[in-house]
Structure formats: C-alpha cells, structure tokens
Amino acid sequence: MSPTAVTLPVVLIAEELSPATVVALGPDFDIRHCNGTDRQALLAAVADADALLVRSATRVDAEVLGAARRLRVVARAGIGLDNIDIPAATRAGVLVVNAPTSNVVTAAELACGLLISTARNIPQATASLKRGEWDRAKYSGVELAEKTLGILGLGRIGRLVAERMAAFGMRVVAHDPYVQEEHVACAGVRFLPLDELLEIADFISVHLPKTPETMGLIGDAELARVKPSVRIVNAARGGIVDEEALAAALKDGRVAAAGLDVFAVEPCTDSPLLGLDNVVVTPHLGASTAEAQEKAGIAVAGSVRRVLAGELVPEAVNTQAGPVEADVYPYLALAEKLGGVFAALAGHTFEAVGIGVAGDIARHDVGALELFALKGMLTGVAATAVSVVNAPLLAARHGISMDFTSGPSAPDRRDTLTLRGVLPDGTPVSVSGALSGRRHVHRIVGIDDFDVDVELADRMLFLWYADAPGAIGKAGRILGDAGINIAAMEIARSDAGAAMAAMAVDSTVPEPVLCSLVEALGARAVHVDSSVSKG
C-alpha cells in the first residue's frame, strides 16, 4: 500500500440483500461479502469489519461480536431482531439498527393472502387441478364477509391487516398486551380480553413480537376455547402458536385450517403440520418482496453511513438517546470533547458528575448530551472501547452517576454546557464550553472558577500557577525547547493572585515536559490529547 493510500471502512454483507443496498452505501466503503450461515467464514470475515449487514439467517451473538475487533454497527435489513444478541452488542458498544417499517406492507399482505387461502383452499385446489383432478366439492370454502377476525397484536402490521380485511366486510376485534385500549379504539377495532377473542373469532391472525411472554401464547388451553370452524394464521414469529398443539387440534377437527409463514425452528421441513391437507404453509416469506428488500436495504445503508461518519442514529434499538432536535445536534460533539477534558482535569477519579445546560438550548430535550459526555469521560478510563451504546453500562460499572441542571444564560454569555464534579479530597472541578459562529466552533469558556475563551483543540495544556512576571515566558521557553508550538492561549487571573493558562498546542506534551513546567512555575499542569482516541 502506498503512503497516500486511504483505508476505507469495511462493510461486511453476510446475506443476500437488495442491490439497492450497495448503491445506497456508495463508494466510500470497502464492501465485502460472506455467507453468514457459515460460522467459521463469518468469524474470520467479521474480524476486520466496521459494519455488519444481515437479514434473519445470520446469528450475531457474543462470539461473533467478540471476534469483531473494529465493529461499530450491526444492521438488520428487516424488522425482527431475534438473531442478534442485543445485550451482548450493547456491552461491546456496537450499535444495532434495523428497518422497522420496511416490510410492514409486505408482511400484512402475506397475512391477508394466508387468510384468504385458508378460507378458499386455494393452494390445495391448485395442486389438485395440476394433478389432473377436477374436484370442486372437496375444496369448497367459506366467505370472509360478516365473519369475525381476531387480531393478536395491533402494531403496524396488525393495523394494516385490520384495515385491509375490514374492506372484505369482516368484523375486527383485537387483543394486544402492549397497546393501550384507547389506542385500539382509535383504530376502529374492538378490544377484547384474549379468552373472549378466542371464543368468538372465525379467523385469528397473529402479529405479536416473539418474547418470553408471547412464546406458546396459543397452546392447548387456548385452542380448547376456539370454534371448530376457526382458521388460524401466523405470519409473525414461530413459537407464538404451539405447533404440536395446533397440529393435534387440526387433526381432531377442533381447528378448521391454518396458514403459517413462520415456525419455531427454521428452516422447517419435517413438522407434522406439513403433512396436513388443511394447512397452508410458506417458507418465511413475510418480507420477501422486491419492494420490501429494497426499502430495508436502503434504510439500513443510510444508518450505516451515518454511524461510520460518526453521527448519532437516535432510532437505533440499543441506545438511550431518543430523537435529537436539530438545535441540540451541534452540542453532541461538544459534550464529548468536554467529557474528555473533564476526565483529564479530574485525574480520572470522579464519581458524581453534574451536567449544567444554560441558555436557549436548555429549552430542548438534551438527554443525548449525557451519553456523549459519558463517552468522552470514559474513553480514557474504561479498558474497553467506549461508545454512546455502552457508555451508561460502563458508567454504572465504574460507579459514575450523572444529573442534569438547566437555567437561563447570563446576559453576556452564549448557550453553555458545563461538566462539574468533586474529587475524593473535596476539590471541585469543572469545565464549560460553548459553540461559536456559523461553523459551531467548539470553545472552552470556563475552567473551575476561571473565565477563559479559547478554541477547544485536540491537544490542550492547562497550567495553574502563582501570578508573577515571567511565568508564562518560562512556560513558553520550556515548550519551545521541546519543539511544541502554542497555537492559541488564554490567561485568566483571580483576585487571590492565582492564574490559569489554557493553551491549544500542536503536538503531544510528553510527561518530562509537564514535570519541567511544574518545577519551573510551581504549577499544576494537565495535558489533554483527544487525538489518541480517534483512530
């Protein structure tokens, strides 16, 4: 590789995705491919990856995350996250993103198709006719009009199914343990307890997430309550409907028919359900349309681009940031830089830290600032890589607590962000920052009780010393002899004869130089080098 060659971030695509995904990623990445179901190939390929893109077949667990030395984001091109160990990703500081709206229409349409197919025996009649049979009586069905459809789970997909099947003249009722009844009523759907829904429904369609609470939700006891004419569709997640219990009910005539797109174990090729004539099955096709795959690919490609560009992705599934308003966004990077300065000033021995926000910015939701301030503080403390994903976990592990205060700014002061704390010996420490101009230049505007105004650079040097003639001249000579240039400097003085100098320097200040400054000035010296953590 030539000295001027640029190493592009590596994006590893572990499953077949829409070609639109690569187009949306653009030319700024080294895009590589592997078979995510080949465990050894995945572990080898992910070692150099900055981003990993998967669908549902690739299992991203602690082993994969542990093998990924540089991984910053796992992107699931779809909705479900069953195959991704989110707690392990969070501990590793890896962002997890998905495309929560990409396949809602596609999944809803498939569920509707399964409902219609179970009502009219369309697949069975097709297979019969192709075998050369003409048996109209055998495949007689039932109408949807005036029948009751019970929907379990009234999220995005469940609501779309309700809307579409209502157009067929169906009465729609629903049960959802995660949705408030008033929200269900707003959708024009009658809310019922589960037992009552099971008893009155002619058709049941499942649209719940797979959780410990929903696993086996429809089992022997529930199937004992349904009408023998009921038809059950599951296009959500396998295991929510107990497959053995369903197969028994279908064989015994206690359930008329079923339509399944998902199974407890996939791929599924030997379930007793597959041998029943009154069962319509598809191999997990809920998201399998060109439109859905294109939407999912484009959505996660956009998220990956933002993560690898250092931007916050508030819609990620494992961050506490939430939506970030446009006025707050420029302050995120400032909070992170101030966190690094604060940690250096405190000698990395802080516990309780307060974040003060003053000025117009205090009127906004500034919760995301805490994540970035923690990231900055912990980068020089934690033994592992720190991101806004795992910063809260690492803070708790190190016994660090945070609290917010806000208020109006002083008449002569811009909007400011302040980090303050108390060292174990009772010494207070604080740093304040602000943004300047249209380019939002980061500036330090306060250190402890000293007012300063200096641009916040990657390398900063702070000196506390007795205010005396020639002190700064001595500091300048020591730095000059060491070949360290002062790019900017601000000096503040107190009425008690103390002074503080805040300097932006062009190169790292070695420990022997810091010792020389302390000895020559009788000073306290702190060097902050945030460039070290940028690799």
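## Leu 308 and its surroundings

Leave out the neighbours within four places in sequence, and Leu 308 is in contact with Pro 9, Val 11, Phe 29, Asp 50, Ala 51, Arg 72 and Val 73. This is a predicted model, by the way, so read every value here as computed from predicted atoms. Leu 308 sits in helix H12, which runs over residues 290-308. Its relative accessibility is 13%, and because buried means under 20%, Leu 308 counts as buried.

What separates Leu 308 from Leu 393, in sequence and in space? The two are 85 residues apart along the chain, and their C-alpha atoms are 22 Å apart.

## Overall build

The chain has 535 residues, and 49% of them count as buried. DSSP runs give 17 helices and 22 strands. As for dimensions, the C-alpha trace spans about 105 × 55 × 40 Å along its principal axes.

How does the radius of gyration sit against that of a compact globule of 535 residues, and what are the two values? A globule of that kind would come out near 24 Å, but this chain has 31 Å. Contacts tell another part of the story: take those between residues at least 6 apart in sequence, and 61% of them join residues at least 24 apart.

## Nonpolar cores

The largest nonpolar core holds 57 residues, and within it Ile 444 and Phe 462 touch the most other members. Helix H13 (residues 329-345) gives the most to this core, contributing ten residues. There is also a second, separate core of 31 residues, with Val 206, Ala 236, Ala 247 and Ala 258 among them.

Back to Ile 444: which residues does it contact once neighbours within four places in sequence are set aside? The list is Val 341, Val 431, Ser 432, Gly 433, Val 452, Asp 453, Val 454, Leu 456, Met 460 and Phe 462.

## The cavity

How many cavities of 30 Å³ or more does the structure hold? One. The largest cavity contains about 40 Å³ of space.

Its lining is made up of Asn 234, Gly 238, Gly 239, Val 241, Glu 243, Leu 246, Leu 260, Val 262 and Leu 273. Sorted by type, the lining residues are five nonpolar, three polar and one charged.

Glu 266 and Pro 267 are joined by a cis peptide bond, with omega at about -5°. Pro 267 has its place in the loop between strand E11 (257-260) and strand E12 (279-281).

For Glu 146, phi is about 70°, and the residue lies in the loop between helix H6 (122-130) and strand E6 (148-152). Is Glu 146 buried or exposed? With 56% relative accessibility, Glu 146 counts as exposed. For His 440, phi is near 55°, and this residue lies in the loop between strand E16 (428-436) and strand E17 (441-447). His 440 has 37% relative accessibility and therefore counts as partly exposed.

How values were computed: Residues are numbered from 1 along each chain as its sequence is written. This is a predicted model: local features need pLDDT of at least 70, side-chain atom pairs count only at pLDDT 80 or more; totals for chains, interfaces and linings use all residues. Side-chain values use heavy atoms; hydrogens and water are left out. On a 1 Å grid over the protein atoms alone, a cavity is a set of points where a 1.4 Å probe fits but cannot get out, and a pocket is an open set with protein on both sides within 12 Å along at least five of seven lines; lining residues have an atom within 4 Å of a point. Grid points are joined across faces, edges and corners, and a volume is the space filled by probe spheres set on the points. Ala, Val, Leu, Ile, Met, Phe, Trp, Tyr, Cys and Pro count as nonpolar, Asp, Glu, Lys and Arg as charged, and the others, Gly among them, as polar. A nonpolar core is a set of buried Ala, Val, Leu, Ile, Met, Phe, Trp, Tyr and Cys residues joined through side-chain atoms within 4.5 Å. Buried means under 20% relative accessible area, exposed over 50%, partly exposed in between (1.4 Å probe, protein chains only). Helices (H or I, at least four residues) and strands (E, at least two) are DSSP runs, numbered from the N terminus. Contact means heavy atoms within 4.5 Å. The radius of gyration is taken over C-alpha atoms; the globule rule is 2.2 Å times the number of residues to the power 0.38.
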